[in-house]
Structures are given as structure tokens and as C-alpha cells.
Amino acid sequence: MHPKDPLPNVLYIDLTRKTYWVENRKELFEEYLGGAGVAINLLKEECPKGADPLGPENPIIFAVGPFTGLYPIASKTVAMFKSPLTGNLGESHAGGRSAIAIRMAGYGAIVIKGASDRPVYVAVHGDKVFFRDASALWGIKSSLTVGRIIREREPGAGMRTIMRIGRAGERLVRYACVVTETYRHFGRLGLGAVFGSKKLKALVISGRKSIPVADRKSYREIYKELYDTMVKSPAMRKYHDLGTAANVIPLNKLGALPVKNLQASKFEKADGISGENLAENYLGRRIACAHCPVACIHLAALREPYVDEPYFYKTTFISYDYELIYSLGSMLGVGDAEELLKMLDEVEVLGLDGISSGVVLAWATEAYEKGLISDKETLGLKFKWGDAETYIKALRYIVSQPNDFYKALARGVDYASKVYGGEEFALAFGGNEMPGYHTGPTGYFGFLVGSRHSHLDMGGYSIDQKVLGKEYTLEELVEKALREEEWRQILSSLVVCFFARGIYKPEVVAKAFKPIGWDLSVDELEAKGRAIHRLKYEFKIREGFSLNKLRIPKRILETPTPHGRLSEETFKEMLEIFKAKIGLSF
Amino acid sequence: MASKIKRLDIIDVDRCVGCLSCMFACARRFGEGGYDRSAIAVRSTAGVERGFVVVVCRACTDPPCARVCPVGALTLRKGGGVYLNPSKCIGCGFCKEACPIGAVMWDDEMNKPIICTHCGYCVNFCPHGVIGLVEVA
């Protein structure tokens with residue numbers, strides 16, 4: 001590391017005492033790079049065993065890495081905390097301007113401790129931290145409005161991040177998200193509820209530090225090589241053209257698109273919510289995270305007439321991605337693009353994780369159909385596949401929680417199904433609602449054992465598709481998945497967006513480290529990836545996670561995947577192989 | 001034929017995706033990361049959904065920044081715009097105030113203006129054709 005790189009500065013903010021301080025953690029960054037590697041260490045230091053995820057003892061860690069601000073597509077921030085949804089490791093990544101802002105403010109990580117007694121928002125401007133009263137922002141209807149207000153009050157336009165929660169976070173919905181730059185999210189595992197429990201409405205960060213490099217000439221050369229590869233790469237092109245929504249049609253053709261709570265894996269209305277249809281008829285603007293030339297963020301322009309006055313319209317910009325098209329579209333039988341967009345807008349306004357929200361509503365619809373719940377529980381809402389209007393009302397009830405049923409829904413599908421039944425079709429893994437990939441054994445294996453129960457841990461959905469039609473052993477699948485998760489610890493410590501994983505190969509990463517003053521071999525990097533993965537697992541075990549008590553919802557075994565019907569034995573076998581490989585006791 | 005004098009210009013601001021790659025490129029001219037010393041600025045137009053503002057020096061032929069400099073640190077560039085002589089500059093900030101489009105950026109560390117030299121390095125890193133070098137003479 002360059003001796004003058006501000007990366008090792010960790011900013012500690014204590015919300016209880018309204019104080020802050022900075023510690024230099026050079027050794028920690030040298031050993032664990034940044035991002036996920038540093039964050040898991042800080043989480044272990046700060047989060048006591050058995051901490052209440054919604055108590056003041058649960059810390060929030062944000063971390064960026066050595067590539068942030070120096071190389072393109074190093075655009076993500078890692079957040080770690082104890083998840084109020086799963087009661088275990090919480091890790092969520094977001095882009096926007098968050099990563100660059102933290103780095104330019106002069107920090108490698110930010111630790112938020114304690115809880116405020118009244119609503120506040122915190123503004124970090126370089127070396128200074130301001131605690132601002134947020135009583136008047138608490139309860140504001142839309143998370144977008146909160147962003148607008150803070151945007152006008154705080155300096156740093158163009159180079160700041162404004163992370164904020166909506167009412168879902170205030171009301172402690174266990175899968176509330178943190179919105180940043182209006183359209184990006186720390187979506188999964190309930191960071192929004194942790195913000196809410198601390199009465200922290202928003203976090204603004206800006207700064208103007210520069211980052212010195214060791215070898216200017218070769219830094220410029222390697223940067224150019226990386227940049228040129230990125231803008232010319234077909235994989236990156238795909239993210240720019242249709243965005244992640246490009247996956248709808250191929251996954252549907254494959255029979256891997258979860259439909260109506262995974263009662264089917266092909267959707268007859270897929271064309272309506274496809275990336276092609278959205279781009280051709282609704283796409284209004286594409287934008288990028290700071291320092292990413294790809295610009296995968298797709299904003300639909302939805303023009304709606306007001307019913308009370310002729311020729312009076314409003315146009316709303318709504319970001320769409322594959323995951324939400326699945327969860328709030330196909331999973332709920334919603335095949336109309338405009339209906340879908342209205343739902344996406346609602347989760348944005350409320351500040352909910354769209355994936356969990358959709359899966360919870362899908363369970364509720366099936367439970368309602370099967371008579372496990374009635375109009376009494378739903379307060380008269382008649383859940384029906386494809387009925388977006390009812391679903392939007394339900395989303396509002398999940399946030400306002402007028403009765404025990406909606407209180408249960410606000411705790412996630414695992415909890416709700418324990419109370420009302422229907423666990424066999426409650427689609428959560430490790431307590432986290434499933435993402436949109438019914439691709440085969442490796443995808444689900446990743447949801448089960450991935451350290452944050454996300455499709456992005458192991459990328460199993462991609463392995464499933466690659467081995468389709470080929471011969472493979474379960475041993476090979478587990479090996480590929482585990483090595484992938486280990487390597488992704490390095491990417492999420494740099495912190496590089498996973499979309500650029502095809503470009504940031506181990507040799508490329510080692511090479512890019514040199515001019516910025518680090519000397520790391522491919523072997524050393526891989527060993528660090530393994531070590532970070534094990535640290536995360538140790539935290540999980542400490543907090544009660546066990547490979548011996550995983551819940552596999554029966555539904556995933558009933559609906560055929562592209563690899564045919566899956567069996568419980570397959571997973572048992574994969575778990576045994578995994579246990580032997582990972583070398584930790586459970 | 002001698003090569004024509006060029007200046008940096010906005011080709012189509014509506015193509016901007018806000019990636020800030022141009023700003024990072026400008027800072028790399030000095031061999032550093034980040035965008036602190038960038039002579040080009042990109043920010044959203046009241047929220048990213050409304051698009052972006054890209055501020056570049058317009059290369060005025062009678063530049064107000066040079067007119068208000070009390071020490072003659074800014075000299076006219078052939079084809080428009082100015083050059084900065086940092087050893088003359090006293091950091092008064094008049095130039096920054098005088099530029100009506102805010103294209104004179106400020107280096108807080110050195111307490112001197114950051115002046116676009118119209119070198120066009122940033123153009124190589126704009127993935128969507130927002131900025132370009134155009135001939136002025």
C-alpha cells in the first residue's frame with residue numbers, strides 16, 4: 001500500500017454519544033485488503049455474540065477497498081451487520097456513488113455504533129461528521145422525497161452519496177433496504193431495519209481526497225487496458241444494452257424462471273415483462289454507478305394520466321432489474337409491464353427489499369388460495385395471481401402493520417409460515433427469501449450454504465447453466481461453487497462489482513495491484529479469499545448457523561428444473577462434500 | 001498543413017450516464033487516483049433521473065478569468081481558453097468567481113485554480129460520446 005493512501009482510516013461514529021473518531025488500521029487492511037475482508041473483522045470486533053440485531057449493540061460496517069477510486073468498476077460498498085431477517089451474518093453490497101464517496105472522504109471503512117434517542121441523519125464531509133436532527137424527516141411518505149430534501153441541504157453535489165431508509169426501515173420491517181442515489185440499494189437482509197432501530201434516517205458522505213499511486217506510468221497503462229477491455233467486452237455490452245433484465249427470456253425458455261410461488265418455472269406472460277419489452281417501450285434513461293463506464297442501471301419512464309383532469313400526466317422514472325422482475329413479476333403472476341413498474345415504484349417509495357417482498361406476497365397468495373389465511377387476516381384483501389393493485393395495498397400494510405398477520409409478513413416468509421403454516425412452499429433459505437433462479441442443484445446449494453444465502457455468493461445459477469447437458473459429479477459442482485465463493489471474497493474486498501468478474505481474473509488483479517504499491521501473488525490472493533470466507537463462516541457458526549439444520553422447502557423438489565426434478569438426497573450428499581471441504585466443525 | 005488547434009467541447013450531454021470516467025481520467029494526468037484535481041465536473045440535474053450537468057471550460061477568446069487575474073498568472077491560449085502559470089498565482093480565487101459557468105475548479109490543497117488545458121485525455125475515457133475535441137482554428 002502507498003504510505004500516503006488514506007485507505008486504512010476507519011471512521012467510528014457513535015450514535016448514542018454523538019461522537020466520532022478515526023483509527024488507523026493499516027495491518028488490518030494489509031492483511032484483509034478492504035471491503036468484505038476488513039468488514040468481517042470489524043463486525044467480529046464490534047458485534048457481541050448473540051447481539052440483538054435491532055439493539056444498539058449491533059454495529060453497521062461500511063467498507064470499500066484498495067481499488068476503489070483507482071480502477072474502473074471498483075464501484076461497490078460492502079455493508080456488514082447482524083441481519084434482523086436471519087438473525088445471522090448480514091452482508092449487502094451497493095453501488096451508486098457510495099463507494100467513491102467513502103474513499104474520497106478519506107476512509108476505507110465506517111463503523112456506526114450505538115443508537116440515537118431521536119431521529120438523526122449523519123453527514124460526513126471529509127474530516128468532519130455532523131449529527132443533524134431528522135425528526136421532521138421521520139415518517140415522510142417516500143424515500144425519494146427524503147433524498148430530495150437532503151440533496152438541497154447538504155454540500156457536495158455530484159460527489160456525495162445519500163443513503164437513506166424509507167418508512168419500512170423506520171417500522172423495522174425485517175427486510176427493509178437502504179436506498180442510495182435513488183435507484184441503488186443495500187437491498188438484502190434488512191440493513192434498513194438496522195438503520196431504523198438506531199433512529200438513523202440517512203447517511204450522507206462526501207469528500208475530495210486524492211489517492212497517490214506508486215508507479216504513475218504503469219498505473220495509467222493498466223487502467224487503460226482495463227478500461228478498453230470493459231467497454232469492448234460483450235459481457236459488459238449485455239449489461240449496458242438490456243441490463244440484467246436480459247435474463248428474463250433465456251431463463252424462461254430454460255424453465256428456470258420461478259412463477260406463481262414456484263408452482264411453475266415457465267411464465268406464459270414472460271414477453272410482457274422481458275428486458276426487450278421494457279427497453280423498447282419504457283426505457284427512459286440509462287445511468288451508471290460512479291466510476292463504471294458500463295451503465296447497467298435502467299430507468300423506465302412510466303407516463304400515467306391523472307383520472308380527475310384531462311391531459312394531466314405524471315412521468316415517473318423507475319429502475320428495473322432482473323431480480324425484481326422475477327420477484328414482483330413472474331413470482332406473483334404479474335405479466336403486465338406497467339403493473340410491474342408500479343409495484344417496483346412502491347417498494348422504492350417504501351424502502352423495502354424487492355426480492356423478499358415478492359416472495360412473501362407469493363407465499364401469502366398461495367396460503368390464501370389454500371385457506372390457511374382468510375379475509376380476516378388479510379383485512380379484506382383478496383390475494384390473486386397477477387393482481388398488482390392488491391399487492392400494492394399489501395405492501396403498504398406490511399409497512400404499517402395494522403394486525404398480527406401483516407406484522408408476521410414484515411418478519412419474513414420463514415416466520416410467517418411458522419405461524420400460519422405452508423412451510424413447504426415458503427421459499428426462504430437460511431431465513432432469506434430466494435432469488436429468481438430455479439436453475440438446478442448448484443443454485444439452491446448456494447442459497448443454502450452461501451455465507452449470505454444469496455445467489456451472488458457462489459453464482460450457482462451460472463454453474464448450473466454451464467454444466468447443462470454435460471456430465472458432472474456433485475463433487476465437481478460443490479468444488480466449483482466453493483472456489484467461486486472464495487474468489488468472490490477477493491472481488492468484494494477490492495471492492496469490484498461482480499459484473500466485471502470476467503475481467504478481474506486473478507492474474508489481472510495481481511497485476512493491477514503493483515502500480516498502486518501492493519505486491520500480491522495470485523496464490524496469496526486466493527489464500528486470502530479462502531481465509532475471508534472461513535471468517536464469515538466462523539461468525540455464522542458463532543451466531544447459531546448449522547449445516548445440520550437447514551430447511552429445504554419441499555416446493556423446490558416438486559417443480560422440475562432444467563436439470564430435472566431435484567431430490568433431497570442430492571442436497572444431503574452435496575452438504576457432506578461441502579463439510580469435508582470447508583474443514584470447520586458444526 | 002499544420003495541425004488544427006482544438007478544444008474540448010460537449011457533443012451531447014444527454015448521452016451522459018454519470019459514470020465520472022472523464023473526471024477520473026483528468027486526475028490521472030497528474031498520476032493520481034480519485035477526481036479531486038479534475039478540471040471537468042459532472043453532477044446530476046436535481047436527481048439522476050433528470051440527467052447530468054457536465055461542466056467543461058468553453059475556451060473563451062476573451063476569457064473573464066484572465067481579465068480579473070491581478071497578477072497575470074492566466075495567459076491566453078491560442079484557440080481560446082487560458083494557461084496557468086502557478087508560480088505567479090497567489091490563489092486569490094477571482095478567476096473562479098469570474099467564470100459564469102463554474103469551469104474554473106479549485107485545488108484546495110495547493111490553493112490554486114485547476115484550469116482545463118484542452119488536452120483531450122478525458123475524451124478517450126468517455127464511453128458514450130458526451131465530450132469531444134473540436135477544431136477551433
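1. In chain A, 29 residues of domain 1 are in contact with 25 residues of domain 2, where contact means that the C-beta atoms of two residues, placed from the backbone, lie within 7 Å. This is a predicted model, in which local features need pLDDT of at least 70 and side-chain atom pairs count only at pLDDT 80 or more, while totals for chains, interfaces and linings use all residues. Residues are numbered from 1 along each chain as its sequence is written, and chains are lettered from A and ligands numbered from 1 in the order in which they are written.

2. Helix H4 (143–153) and helix H5 (167–170) of chain A are the elements that give two or more residues to the side of domain 1 that touches domain 2. H5(A) provides the largest share, three residues. Helices (H or I, at least four residues) and strands (E, at least two) are DSSP runs, numbered from the N terminus.

3. That side of domain 1 of chain A divides into 14 nonpolar, nine polar and six charged residues. Here Ala, Val, Leu, Ile, Met, Phe, Trp, Tyr, Cys and Pro count as nonpolar, Asp, Glu, Lys and Arg as charged, and the others, Gly among them, as polar.

4. Now to chain B: B:Gly91 is in the loop between strand E6 (82–84) and helix H3 (94–98). B:Gly91 counts as partly exposed because it has 13 C-beta neighbours inside 10 Å; 20 or more would be buried, 12 or fewer exposed, with C-beta atoms placed from the backbone.

5. Leaving aside residues up to four places away in sequence, B:Gly91 touches B:Asn111 and B:Lys112.
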